[in-house]
Amino acid sequence: MRVGIIGGGLMGREAASCFGRWFALQNFSVRAELTAVCDLREDLLEWFGQVPTVQLRTRDHHELLTSENVDAVYVAVPHHLHEPLYCDVLAAGKDLLAEKPFGIDLAAARRIRDAANASGRFVRCSSEFPFAPGAQRAIDYVQSGALGRVLEIHSGFLHSSDLDPAKPANWKRHSKTCGEIGVMGDLGMHTVHIPFRLGWKPKRVFAQLQKGFPQRPDGQGGTTECDTWDNATLNCDVEIDGNDGQTIPMRLQQKRLAPGQTNSWHFEAIGTNGGVRYNTRDANTIHIYEKEKDGWTRIDLGHVMAFPVITGGIFEAGFPDLNLQMWAAFASERAGELDDRFGCATPDEAIASHELWQAALKSHAENSVVEL
Ligand SMILES: NC(=O)c1ccc[n+]([C@@H]2O[C@H](COP(=O)([O-])OP(=O)(O)OC[C@H]3O[C@@H](n4cnc5c(N)ncnc54)[C@H](O)[C@@H]3O)[C@@H](O)[C@H]2O)c1
């Protein structure tokens, strides 16, 4: 799988580092290498000069897309550029790993999904946290039926980087470039990927949205207006078959103003027979509720991965490990070899997430519960 990257910023370089240690994947049938990079910034193109497999570095994404040495493209650019660039990738006949939120709004996401279907190319959307050992264990636990009747679901992603008012604004603080959905577009795919995959889709939502600081330094000696939602708590009702006809409260939290949190992704599901709790803040630990003991048991996880790696089983996993696993899932599913393992988020899941964010905006604006 020869990969091209469009957008070599924070996430583009993280992806490059995955291909740099692809050999850590054990007995993995797909070879992957980074062959081409596009960014508008010269300093970033220079950075990619140290990656020996990169044959093309360009400021023009059309040039990357005409390259015969690119099979699949990862696009990691600001949200207002998702639709034009994703559609260009598909029109060029390349497969796509898109970034979330998969278009700046619901309408853009639907057009991208339609273009993906029409192109017949393999398209997925980035979301790394389900590949954490604790998340995988939690998914297995839920799927085993150990919860009994599901009582409540919590999923969230919290950081605090907007608490510092002196931090210069970037494109993520402006609705024009981040999207009217703000933090939901920034962090939301991370909170809904597992619930959606488990079939837990909201039927109605009541959203509580909060903005951050209205002005920030612009990084060039001046100030700039910031208008995005920074915190979003979505209180949802979920209906699932076989739950004694009871709706389930599901709380989804996306926050950029969460004191003390740096990059804490959590998932928790509680039922009448069991419960499971995982938070990347304690990346090596999962908590399972055992009814017989009437208590929570803390379990150390180690490096148990869906796609085995050479890393010692006693070592703890971090974000770059999850990213490598996500890329392995993309490569594996693209090759038709995913089997029953957890796959990357699909275009339909991205659309469902946008439908929820749209309903959340309406809920907040009207101070009402919105049906989906
Ligand atoms: N999956 C995750 O965990 C995760 C984390 C952070 C960001 N993201 C997502 O990744 C995407 C990018 O975010 P980021 O934090 O890497 O942003 P970033 O600002 O660090 O990088 C974006 C890059 O795109 C480049 N760019 C802009 N226009 C371009 C164009 N026309 N052609 C080529 N390059 C262009 C910019 O120069 C910049 O280097 C967003 O969709 C964001 O939501 C995902």
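**Helix packing and domain contact**

Guide: In this predicted model, the axes of helix 5 (residues 106–119) and helix 10 (residues 347–366) come within 9 Å and cross at roughly 165 degrees.

Visitor: Why is helix 5 called roughly antiparallel to helix 10?

Guide: Angles over 145 degrees count as roughly antiparallel. The crossing is at roughly 165 degrees, so helix 5 is roughly antiparallel to helix 10. The crossing is left-handed.

Visitor: Which residues make the contact of helix 5 with helix 10?

Guide: Helix 5 contributes L106, A109, R110, R113 and A116, and helix 10 contributes P347, A350, I351, H354, E355 and Q358. By class, this contact has six nonpolar, two polar and three charged residues.

Visitor: What makes helix 4 and helix 5 roughly parallel?

Guide: The axes of helix 4 (residues 82–91) and helix 5 come within 10 Å and cross at roughly 0 degrees. Angles under 35 degrees count as roughly parallel, and therefore the label applies to helix 4 and helix 5. On helix 4 the contact residues are H82, E83, Y86, C87 and L90; on helix 5 they are A108, R111, I112, A115, A116 and S119. Seven are nonpolar, two polar and two charged.

Visitor: Which element supplies the largest share of the side of domain 1 that touches domain 2?

Guide: The domains are domain 1 (2–125) and domain 2 (129–307 + 345–366). Contact joins 18 residues of domain 1 to 20 residues of domain 2. On the domain 1 side, helix 5 supplies the largest share, five residues. That side divides into 11 nonpolar, two polar and five charged residues.

Conventions:
Residues are numbered from 1 along each chain as its sequence is written. This is a predicted model: local features need pLDDT of at least 70, side-chain atom pairs count only at pLDDT 80 or more; totals for chains, interfaces and linings use all residues. Axes are lines fitted to C-alpha atoms, for helices over the stretch in contact, and angles run from 0 to 180 degrees between N-to-C directions. Helices (H or I, at least four residues) and strands (E, at least two) are DSSP runs, numbered from the N terminus. Angles under 35 degrees count as roughly parallel, over 145 as roughly antiparallel, 65 to 115 as roughly perpendicular and the rest as oblique. A crossing is left-handed if the near helix is turned anticlockwise from the far one by less than a right angle, and right-handed if clockwise. Two residues are in contact if their C-beta atoms, placed from the backbone, lie within 7 Å. Ala, Val, Leu, Ile, Met, Phe, Trp, Tyr, Cys and Pro count as nonpolar, Asp, Glu, Lys and Arg as charged, and the others, Gly among them, as polar. Domain bounds come from an automatic or database domain assignment.
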